[in-house]
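Below are my notes on this model, in numbered points. Please read them with the structure open.

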Amino acid sequence: MKKSAAVLIGGVLALSSVGCGSGSTTEPGGKVQINVNGQPPQTQAFDRKVFDEDVAEFENANPDIDLVPHEGFMDPKTFSAKLAGGQLEDVFYVYFTDPAALIARRQAADLTAYVKDVPHYGDLKQELKDVFTVDGKVYGLPTANYTMGLLYSRTNFTKAGLDPNSPPKTWDEVRQAARKLKDAGVTGFAEYSKSNQGGWHFTTWMKSVGGDIARKDGDRYVADFNNDKGKEVLRRLKEMRWDDGSMGEKQLLEIGDVQNMMGAGQLGMYLAAPDNVAAIVNQFKGRYDDYGLAAIPGQKGTLLGGEGYMINPKASPEKIKAGLKWIQWKYLNPDRLEGNLRKYKDRGQPVGLPIPPIADIWTGEPRKKQEELKARYATMPVQNFQAYVDGSEKTKGSLEPPQAQQVYAILDSVVQAALTNRDADHAALLEDAETKVNAVLAQVK
């Protein structure tokens with residue numbers, strides 16, 4: 001669904017359409033020139049400055065490589081045309097929902113023969129590498145990821161007589177906590193139901209109870225939520241919304257509404273990724289000390305999202321090697337962790353959440369090193385988020401369904417009906433949505 005909360009709020013940036021493509025391999029001076037995207041816009045001053053400084057440092061350390069940065073990310077609407085027209089960057093950013101289709105259409109370079117030479121590739125989480133791997137062949141590198149957890153107000157937990165150091169671990173415990181929060185005068189639990197975000201979170205709920213939205217049936221996808229798991233999700237929403245009244249009267253919420261409620265001290269809990277904490281602090285005047293993040297209730301599964309980089313299928317071997325060197329040096333480099341954390345802290349940026357520059361992508365020694373450095377340079381109480389970090393190690397994450405946004409738009413109506421109509425027929429809602437989602441999934445090739 002997202003790269004971060006900022007993407008939901010701000011949208012995806014347009015890609016530059018000039019000066020790209022694989023072109024010639026070398027410049028007259030013998031340098032390998034590669035066009036790379038992912039450069040933040042000038043409106044994101046700190047991130048842009050860090051990116052540009054990294055480009056200069058990388059080129060200084062690799063005088064045989066000339067980086068040509070471009071603002072923006074991968075736009076599915078223009079991608080194929082840019083590739084066909086020779087305007088696609090050599091190294092391009094993707095969301096985790098992109099690689100499967102790009103690989104199927106042969107729109108990304110096969111990196112299998114090259115990744116063996118990428119330092120620390122073996123230390124990356126296997127489920128993240130799997131996003132870019134098909135039939136044993138590797139087509140990209142993951143650089144950051146998120147999984148959904150339970151964000152809660154430590155302040156309101158204390159006010160309600162709940163232990164902020166022992167957040168709910170099951171959906172039954174979430175319901176119990178939501179009741180107590182309501183009795184303390186705040187909305188106990190909030191849920192999205194607009195702008196495709198209701199369907200996105202319904203997907204998260206399904207995974208948390210061990211279900212899913214779609215499954216492979218032979219060579220096609222079919223809907224997989226019109227079942228006991230789907231009914232369980234709607235039942236739990238009904239219990240909190242209508243039986244307990246712990247979700248408040250105002251519904252048809254989306255991410256900005258819920259973040260605002262949390263920042264204003266009016267909310268107890270909602271499902272979120274770690275970047276929501278920073279958004280609440282930066283945009284809605286919250287304080288890091290006031291929030292906690294726990295693992296997804298139940299821990300039977302959670303929604304996995306993230307980002308990475310792939311390489312133009314027309315790129316020469318020299319460009320592929322140079323591109324992989326840049327990706328590894330910039331995004332997958334345990335040797336730069338401490339310097340990056342020091343830079344963020346010295347420049348007044350938050351350190352301690354499991355988001356870049358502390359991307360949760362590592363296993364083994366790099367992960368151990370990262371956690372030690374995060375604690376050393378933290379500008380916030382990292383113990384408030386440790387339950388999430390620990391839980392993410394035990395909870396299997398899985399990707400969004402094919403044609404995710406179209407599917408989410410359909411499922412929005414299911415969540416909306418459950419939250420606005422006490423007498424909603426859950427079985428009929430799921431059956432109707434199943435028919436519509438199957439029609440969307442039939443388009444997947």
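**Notes on packing, rings and loops**

1. Helix H10 (residues 228–243) packs against helix H17 (residues 404–420) with the axes 9 Å apart and an angle of about 35° between them. Axes here are lines fitted to C-alpha atoms, for helices over the stretch in contact, and angles run from 0 to 180 degrees between N-to-C directions. The crossing of H10 and H17 is right-handed; a crossing is right-handed if the near helix is turned clockwise from the far one by less than a right angle, and left-handed if anticlockwise. Helices (H or I, at least four residues) and strands (E, at least two) are DSSP runs, numbered from the N terminus.

2. On the basis of the numbers: this is a predicted model, in which local features need pLDDT of at least 70 and side-chain atom pairs count only at pLDDT 80 or more, while totals for chains, interfaces and linings use all residues. Residues are numbered from 1 along each chain as its sequence is written, and side-chain values use heavy atoms, with hydrogens and water left out.

3. The criterion is NZ of Lys or CZ of Arg within 6 Å of the ring centre and within 35 degrees of the ring normal. Lys129 is placed in a like manner over the face of Tyr121, at 4.6 Å from the ring centre.

4. Aromatic pairs are counted for rings of Phe, Tyr and Trp (its six-membered ring) with centres within 6.5 Å; planes under 30 degrees apart count as stacked, over 60 as edge-to-face and the rest as tilted. The count comes to 18 aromatic pairs. Tyr152 and Phe157 are a tilted pair, because their planes stand at 40°, with the ring centres 4.8 Å apart.

5. Trp171 and Phe189 pair edge-to-face, at 6.1 Å centre to centre and 80° between the planes. This pair links distant parts of the chain, with Trp171 in helix H8 (residues 171–183) and Phe189 in strand S8 (residues 187–189), 18 residues apart. Trp171 and Phe189 are both buried. Elsewhere, ring pairs join Phe51, Phe58, Tyr93, Tyr95, Tyr309, Trp326, Trp329 and Tyr331 into a cluster.

6. Is Asn384 buried or exposed? Asn384 is in the loop between helix H15 (364–377) and helix H16 (386–394), and it counts as buried because its relative accessibility is 5%. Beyond its neighbours within four places in sequence, Asn384 contacts Tyr152, Arg154, Tyr288, Asp289, Tyr291, Gly292 and Leu293. A polar atom of the Asn384 side chain lies 3.5 Å from the backbone oxygen of Asp289. The C-alpha atoms of Asn384 and Pro164 are 8.5 Å apart, although 220 residues separate them along the chain.

7. Tyr388 belongs to helix H16 and, at 4% relative accessibility, counts as buried. Leaving aside neighbours within four places in sequence, its contacts include Tyr146, Met148, Pro274, Leu293 and Pro354. By contrast, the C-alpha atoms of Tyr388 and His426, 38 residues apart along the chain, are separated by 31 Å.

8. Helix H12 (residues 275–284) is mostly covered, with seven of its 10 residues buried: Asp275, Asn276, Val277, Ala278, Ala279, Ile280 and Val281. Lys285, with a positive phi near 60°, follows H12. In helix H11 (residues 255–263), the buried residues include Ile255, Val258, Met261 and Met262. Gly265, with a positive phi near 75°, follows H11.

9. Arg106 has a positive phi near 60° and lies in the loop between helix H4 (99–104) and helix H5 (112–115); at 73% relative accessibility, Arg106 counts as exposed. Gln299 has a positive phi near 55° and lies in the loop between strand S12 (291–294) and strand S13 (302–311); at 28% relative accessibility, Gln299 counts as partly exposed.

Note on methods: Buried < 20%, exposed > 50% of the residue type's maximum accessible area, 1.4 Å probe, protein only. Polar contact = N/O pair within 3.5 Å; in protein donor to acceptor, adjacent residues only side chain to side chain. Contact = heavy atoms within 4.5 Å.
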